[in-house]
Amino acid sequence: MDAWVWLGVSVVLAGVLLFYRVAPGWVERALNPVVQPPAAVSSAALALHGRLRIADLHTDSLLWGRDLLARSGRGHADIPRLLAGNVALQVLTVVTKTPRHQNIDHNDDCTDNILPLALAQRWPMRCWGSLCERCLYQSWRLHDMARRAEGRLLLIKSQADLRAYLQRRQREPGIIAALLGIEGAHALDGDLANLERLYDAGFRLMSPSHFFDTDIGGSAHGMAQGGLTDKGRQWLAWMEAHGMVVDLAHASGATLDDVLRLARKPVVVSHTGVKGTCANARNLSDAQLEAVAANGGLVGIGFWDTATGGNDVAAIVRALRHAVDRIGACHVALGSDWDGAVAVPFDAARLAELTDGLLGAGFNEDEIASIMGENVLRYLAQVLPPG
């Protein structure tokens, strides 16, 4: 092989290596921007924010391949920024498959946006054709981070874990807890037996669907948007029996109705908006809000524009106000969707800006404490397996 051929091969290999090194960062910077500059926060809000036990029901930060123990210059959340924002507990939800040209109205399951990202991040070959293996790999990554964090990051899998963590946090404020979830039961690869594998890997939350319909239940963004299937009823019974959180974010209206009719335990809608401030297929009607509250569940309000109708703190506060006015502060929570391929007004380190916005909008301190985290902590202490 002559020198010119060797040079050509070397250039191609260098290009491939460069792609694998930098492409995930390019994609994340494009899909997860912060769109508002830092805002001043009042001294009263800073003091209150420092006293809160904050919990957020949804981020997709594991998807992007970053070491979450290191503070990043891209995306919305990592452990240092969550600690800077005084977050006590963060639900980290894994994504296994999304459709090309994803939208909030109609999607099928024929395409797979996550496979190219998995290849670029050099996920193991077993993840290429198995959505369940993609879950297990992301769980392994988080467990590895917790091991390397030397006690600063703890994984919550039971009520006993949660109690021990909260007691310890009173003495050591510089620690954070995480709970693992899954967006969409297509991650089961069609086999309910995989619930056991995922439970053993630490997952404690799952939704029946994400952006397309599944064999468990319809999606609000699917083609048929049907209800809970017979298999879905088996899924629901297993989830409740094992203390896994049933998450109705992205569920079709029919699936939401079916689950709420059958559920024996409270559910969550981890990240959503309300039609009262932003009317689209992604968001909950007042009747749906009231049905979740009647079940004893929680509604996590998101931070992005199709959830709130705007791209600033004021829009998030308006959505929170609408939800609280309809169902009371005890059923409302945060569901940021940080790192969920959305633009948000602030990253995790700037979360005090939301506390300031809530104070300015007339929420009292008890309401703010409930919304910002106490509701989630109370809910998990009720729903998770005992120990």
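User: What puts a charge over a ring?

Analyst: A charge sits over a ring if NZ of Lys or CZ of Arg is within 6 Å of the ring centre and within 35 degrees of the ring normal. This is a predicted model. In it, the charged end of Arg321 sits over the ring of Phe363, at 3.9 Å from the ring centre.

User: Which residue lies over the face of Tyr199?

Analyst: That is Arg204. Its distance from the ring centre is 3.7 Å.

User: Now rings with rings. How many aromatic pairs does the structure hold?

Analyst: There are 5 aromatic pairs. Take Tyr137 and Trp140. Their planes meet at 15°, and planes under 30 degrees apart count as stacked, so this pair is stacked. The ring centres are 6.1 Å apart.

User: Are Tyr137 and Trp140 buried or exposed?

Analyst: Tyr137 has a relative accessible area of 11%, so it counts as buried. Trp140 has 52% relative accessibility, so Trp140 counts as exposed.

User: What is the geometry of the pair Phe303 and Phe346?

Analyst: This pair is tilted, with 50° between the planes. The centres are 5.2 Å apart. The pair links distant parts of the chain, 43 residues apart. Phe303 lies in the loop between strand S8 and helix H11. Phe346 lies in the loop between strand S9 and helix H13.

User: Are Phe303 and Phe346 buried or exposed?

Analyst: Phe303 is buried, and Phe346 is buried too.

Methods. Residues are numbered from 1 along each chain as its sequence is written. This is a predicted model: local features need pLDDT of at least 70, side-chain atom pairs count only at pLDDT 80 or more; totals for chains, interfaces and linings use all residues. Side-chain values use heavy atoms; hydrogens and water are left out. Rings of Phe, Tyr and Trp (its six-membered ring) pair if their centres lie within 6.5 Å; planes under 30 degrees apart count as stacked, over 60 as edge-to-face and the rest as tilted. Buried means under 20% relative accessible area, exposed over 50%, partly exposed in between (1.4 Å probe, protein chains only). Helices (H or I, at least four residues) and strands (E, at least two) are DSSP runs, numbered from the N terminus.
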